[in-house]
Amino acid sequence: MSSVAVLTPESFAEHRSGLKDQEMTGCVPEDEAYIPTYLEAFPPLPEKGAPGEKTGEPASAWGGKIRPIKASVITQVFHVPLEERRYKDNSQFGEGEEAKVCLDIMQRTGAHIELSLAKDQGLSIMVTGKLESVMKARKEIVARLQTQASATVAIPKEHHRFVIGKNGEKLQELELKTATKIAIPRPDDPSANIRITGTKEGIEKARHEILLISAEQDKRAVERLCLEKAFHPFIAGAHNRLVQELSQETGARISIPPPSLPRDEIVITGEKEAVALALSRIRAIYDDKKRKTTTISVEVKKSQHKYIIGPKGNTLQEILETTGVSVEMPPLDSGSETIILRGEPDKLGPALTQVYAKAKSVMVVEVTAPAWLHRFIIGKKGQNIGRITQQLPRVHIEFTDGEERISLEGPTAEVEQAQAQIQEIIKDLVSTHTLSQSVSQSAINRIKEQYKVSVRIPQDSERSGLVRIEGDPKGVQLARRELIEMVQRMENERTKDLIVEQKLHRSIIGQKGEKIKEVRDKFPEVIINFPDPSQKSDIVQLRGPKNEVEKCGKFLQKIIADLIENSFSLSVPIFKQFHKNIIGKGGANIKKIREETNTKIDLPTENSNSEMIVITGKKSNCEAARDRILSIQRELANIKEAEVAIPARLHNSLIGSKGCLVRSIMEDCSGVHIHFPSEGSGSDKVTIRGPVGEVEKAKKQLLQLAEEKQVNNFTAELQAKPEYHKFLIGRGGANIRRVRDKTGARIIFPSPDDTEQELITIVGKEEAVRQAQKELECLVKNLDDVVEDSMVVDVRHHRHFVCRRGQVLRELAEEYGGVAVSFPRTGANSQRVTLKGAKDCAEAAKKRIQEIVEDLESQVSVEVAIPQRYHRAIMGPKGCRIQLITREHEVQIKFPERDDSQEAPPQENGDVSPEAEFVAPKCDIITIAGRAEKCEPAKAALLALVPITEDVEVSYELHRYIIGQKGSGIRKMMEEYEVNIWVPQPEKQLDVIKVTGLVANMVRAKQGLLDRVKELQAEQADRALRSFKVILSVDPKFHPKIIGRKGAVISQIRKDHDVSIQFPDKGDEQQDAIVILGYERNVEEASQAIQQLVAEWQEMVSRDVHLDPRTHARIIGARGKAIRKLMEEFKVDIRFPQPGSDEPDKVAVTGLPEAVDNAIDHLLNLEEEYMLSVTETETLAAYMKPPSRYGGGGGAGVDDSSGGPAKGFVVLDAPWNAAGNKAPDMSSAEDFPTFGMGVAPKQASAWGPKKF
């Protein structure tokens, strides 16, 4: 007996009652309706069998063959054992940390994640989504829900980059594939261990993949072989054939750098055995060629080198192939004309013959021809020139636009023939230059159309100057007259060439051609042609009527003269430390110089070693700017500039190797800068700049060195320990000057950057050099004799030598050959000072110490009373101002300790007499120590740094505008003028601002402040004009329309009339008030615009129309496009009811009466049209219902004997009706558990094991 299972409780009998009669016609009676079996209702998928397998069974309901389709969405399921779960508290599964983590991962990756608990309390995770999202989600789940293990794998360091891959792609792919984190040590880390973090399974996979990559790379090798570049052609062979054969034979890849790349390294890669074989073969070729080959050098004109090289170097390869000789060419950008031939001696002769043959095989000739004749020489479609090239195919003929020359290149004999033929063509064209060559075809066509005539121009081959005009007599006469006038005008036409430096072409043309357009508009009859930038030509061609061309030429020459005048450039050498002073605070100084001199001033970057400041503009302006800049430098330091005339040919020898000679002069004359003109300029002027006395000294030495270079030049070298150098030079160069004066030789010591620190170079006449060398060797020998000496120094002076971490003692050791000076310990009460070192060094150091002591004993102290509040300003940033004074005046300045409690006692009238002496507090006393004659200038310099304070009258209302947002305005002024500006507190309401600063800055600061006040007053007046106000009363129902969709209407009104429009807030009393602010005229215009809109809307009416709700979506369209188009077409507003409305079919249409009627008619038509579609769809849907779901179709069902309502879709022989099984209860939480609720597993069902 068959069993029946009920899957759904729904019944469709009443729903489909209208179709019952039609469906049941010709079928079994209602109580005997056919009930399908489970296999019929749910046919199984076909099993995979061998291709072509035949069975006697009929095809299944699914068809005989299913074509596989690759889904874009995939699902992956993986298991996390209980012991590896990070969160093991499963009392509230689905609501704990695991659920939160999964939710976060879903949001970040876009994948869908489902969790369930297995019987063993392990975690089953199902991830669904696109492949990329699933891989990312899986990686994050493993990292965040599974406990992580780590392991290391060691592979050779050189294999790490193959694990990483290009741009890290291989490493990212490996991490995604194995769901692990792989950490590879940095290149500078000596460790070769790669750390893998993740699950045990993932670690094993990743470890396996990494070892596979390493094993693959173990099989490969790379060798780098450095061989002389000159022998590379022999290894490569002609056309690289030899190296290709070598690669094929050995299987190794051989990379030889191209001839243009100056590298000697040949790289061989491949299998180890193949690389070793290729390496041995290459070395054998190199050794053989190096032993057998020799070289010869020949001189060939630079212009002929390209013919020896040939196209893509083919000619050189041909010579190498035929003779076995390599031809080494100098770079094309060098001036050398020497060519080197390298090969076996017996083959050099034939190779040299080929080189000369190639060099002389081609010649270049230029033929002069007017530019306008070029197209006639070429002929129609190149007929004329084609005849010559066909006869002489190896001759290359080149025409240059705008230039009166034609270039011919090719074999000598053929070029001469082509030259003769072209000159003959030019001669014929010039002699037969008639109307046909003068009048353009466009002008002839215009005449034909205008006068309705036929004009025949003779062909070039006819050699005739006769033009035939046919047509109406009057038209012929008019056409004839115009042609004659045109010819006369063309005869009057002139071509003029202007020579203009190519660098000025862009300036004449202007950005986007606006400047040349003005010239062309001014002279419309003149054609102005500029050469192509790639031609590097300076010729600008003018063509047109003679008078106009002359005028245009003069006009352009005037423009060019102005440009040349304004493009004058000067380079001013300024000491690097003074660049910041020239720039000024906030760029104030440089900006002022630029504006006042109308020049462009470019300074080198901070990290540049250049001291050159480049000034561009008119010559007079550049010179004025230069003087201004130099004056700033002179104010900061006592600087002089002198020029010395030295022949340009001696400049390189005077500079010396790496600048050693000129650097030695600059070091000898401290503070001096020597500037040689740029190479190739031809200038003989050498500029010397620096302190007055040192400039003269440097000038003398430079001239002396130049004279030595002209007379004789002999060099010797001497070795001496670096610590002896300063002593050999002596204080202020005294020792070395004595040797120089005695011998006349020049002695150069190494700079700190030189590698040979012990090498001393002597330059001059041989006799003088030998004598100086002997003197220096004697001095060095004496320095090697170490002695110990002592002297007495008063205890009160000891501190001067040992303070500042013994700076004075370090200077003595550096200056006097490393002599060691030892002072007694503090408290020893001893005056004995010990000196140990070379005898001469010790004597000189002893003498210097005595000089210092005498200087200390002659020092005086001067006190300067300056209020404590000014001390910080006097010091300057990081004490720079005080350091400058101490350095310039050779004094020491000591500031007192700060005393914040010190206040000036109040004085009353009569307390102190005018004659009473004022006693400054200690915290105001600054002490200057030094020689008496230097203390006074230092005191004056200090007093000059004391700032002054002045009051500037500024209205209280303007104070907040001067301060600016967050103080930006006042801060900018203080930085620009280098002053301090104090604004009183707002509650005081004072009309004054205090300005404090140096006297030199006060005038500019006050003027700048007053200028700012004028600007603010002008802005206040403008604000008053803009504050005109009008309140417009408009019914609130019109406010949304005035605002418009997303504020479009009101934004347009504000933009058009430049006004501010404010609408009332919800809580305001006057809900109809609209406030308009702005200029009076603009406010009135905006008010009229709003009133006009309101007047239009007041004429509108609103009507309701009832439309079936099922058609609303079709009428509105996708994203409202259809309804917006309809509203724009009929100029109406259409509002549909909100969801859940009492009247779901009521649609409101608002607009002008006629437009509303038209829109309603259109809507009703649309409703009628759409309802037909709706009805058809519903009817079709009713017919498409399955017959087995027809009401009452379950006559054989269980509990159906009463004839009550049908039990839904039923099947026979269902798996759940087997013995021991029952149908699943859909309302049971046990059979269909809710996500997140753990239920203990019970008996197995026909659906398989339950998973949670």
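Predicted model: local features only at pLDDT ≥ 70, side-chain atom pairs only at ≥ 80, totals over all residues.

Trainee: Why is Cys880 called partly exposed?

Mentor: Partly exposed lies between the buried limit, under 20%, and the exposed limit, over 50%. Cys880 has 34% relative accessibility, so it falls in between.

Trainee: Turn to His1112. Where is its place?

Mentor: His1112 sits in helix H43, which covers residues 1112–1116.

Trainee: Is His1112 buried or exposed?

Mentor: Buried. Its relative accessible area is 9%. The limit is under 20%, so the label holds.

Trainee: Which residues is His1112 in contact with, leaving aside neighbours within four places in sequence?

Mentor: Leu1107, Phe1136, Pro1137, Pro1144, Asp1145 and Val1147.

Trainee: What makes the pair of His1112 and Leu1107 a polar contact?

Mentor: A polar atom of the His1112 side chain lies 3.1 Å from the backbone oxygen of Leu1107. The limit is within 3.5 Å, so the distance passes.

Trainee: Now the strands. In what order do E14, E15 and E16 form their sheet?

Mentor: The order is E14-E16-E15, the sheet is open, and the pairing is antiparallel. The twist averages 20° from one strand to the next.

Trainee: Why do strands E14 and E15 stand at the edges?

Mentor: Strand E14 (363–368) and strand E15 (396–399) each have a single partner strand, so one side of each is left without a neighbour in the sheet.

Trainee: How do you know that E15 and E16 pair?

Mentor: Pairing needs at least two bridges. Four bridges join E15 to strand E16 (residues 405–410), so they pair. They run antiparallel. Ile397 stands opposite Leu408 in E16.

Trainee: And for the whole chain, how many helices and strands are there?

Mentor: The protein chain has 45 helices and 46 strands.

Trainee: What share of the contacts with a separation of 6 or more joins residues 24 or more positions apart?

Mentor: In the protein chain, 68%.

Key:
Residues numbered from 1 in each chain as written. Heavy atoms only, no water. Helix = DSSP H or I, 4+ residues; strand = E, 2+ residues; numbered from the N terminus. Axes fitted to C-alpha atoms, helices over the stretch in contact; angles between N-to-C directions. Contact = heavy atoms within 4.5 Å. Buried < 20%, exposed > 50% of the residue type's maximum accessible area, 1.4 Å probe, protein only. Polar contact = N/O pair within 3.5 Å; in protein donor to acceptor, adjacent residues only side chain to side chain.
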